[in-house]
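Visitor: I'm new to this one. Can you walk me through it?
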Amino acid sequence: MAGERVVRDVAGVYSRLFDHRAVLQNECKFVIREFEGKRNDREMLKLAEAAGKVSEIQGQIPRCIELAELLSEVQDQLKDARQRCHYILEQEEQDLNKTRREEIKEKTKKQWDEFLKEMDKEEEKIEKDFMTKSLKLKEKYGKVSISATE
């Protein structure tokens, strides 16, 4: 019996000095309890919030796909509308150039008509001056030729 006690005492001392399993298990349980107690509620709320956002996003995915398809259609329509607007602008520019050309043509025609009228007036004036001078010369030389024949 005394040997048994000694063995028991040595085993107890040995387990206390070298066997830390029980202490570590208790320490781990304590840390887990503390962690769960302090952070469990916050983590659960965050996880529930994240799960709600994920389900909301999953609900929006089909709508996003539909909108993406519509976006390509709208893009095609906008491209077509832009081409039409460009064509209309070109036509208006051509019409504007055409009206400018017509205005310039009319202005040039008016200037030409005025020039021709001025030339006619100048021609009439020159002819009138010529006739008057030729009459004066005829009178002058007519008298001279009459007096020379006499």
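Predicted model: local features only at pLDDT ≥ 70, side-chain atom pairs only at ≥ 80, totals over all residues.

Guide: Residues are numbered from 1 along each chain as its sequence is written, and side-chain values use heavy atoms, with hydrogens and water left out.

Visitor: Where is F18 found?

Guide: F18 sits in helix α1, residues 2-18. Helices here are DSSP runs (H or I, at least four residues), numbered from the N terminus.

Visitor: Is F18 buried or exposed?

Guide: F18 counts as exposed because its relative accessibility is 57%. The cut-offs are under 20% for buried and over 50% for exposed, with partly exposed in between (1.4 Å probe, protein chains only).

Visitor: New topic. Where is T132?

Guide: T132 belongs to helix α2, which covers residues 21-149. T132 has a relative accessible area of 39%, so T132 is partly exposed.

Visitor: How far apart are the C-alpha atoms of T132 and N97?

Guide: They are separated by 52 Å, and the two residues are 35 apart along the chain.

Visitor: What does UniProt place at residues 64-125?

Guide: An unreviewed UniProt entry gives "coiled-coil region" there. Such annotations may be inferred rather than shown by experiment.

Visitor: And how much of that span is helix?

Guide: Residues 64-125 are 100% helix and 0% strand (strands are E runs of at least two residues). The end C-alpha atoms lie 89 Å apart.

Visitor: What about E73?

Guide: E73 is in helix α2 too. E73 is partly exposed because its relative accessibility is 45%.
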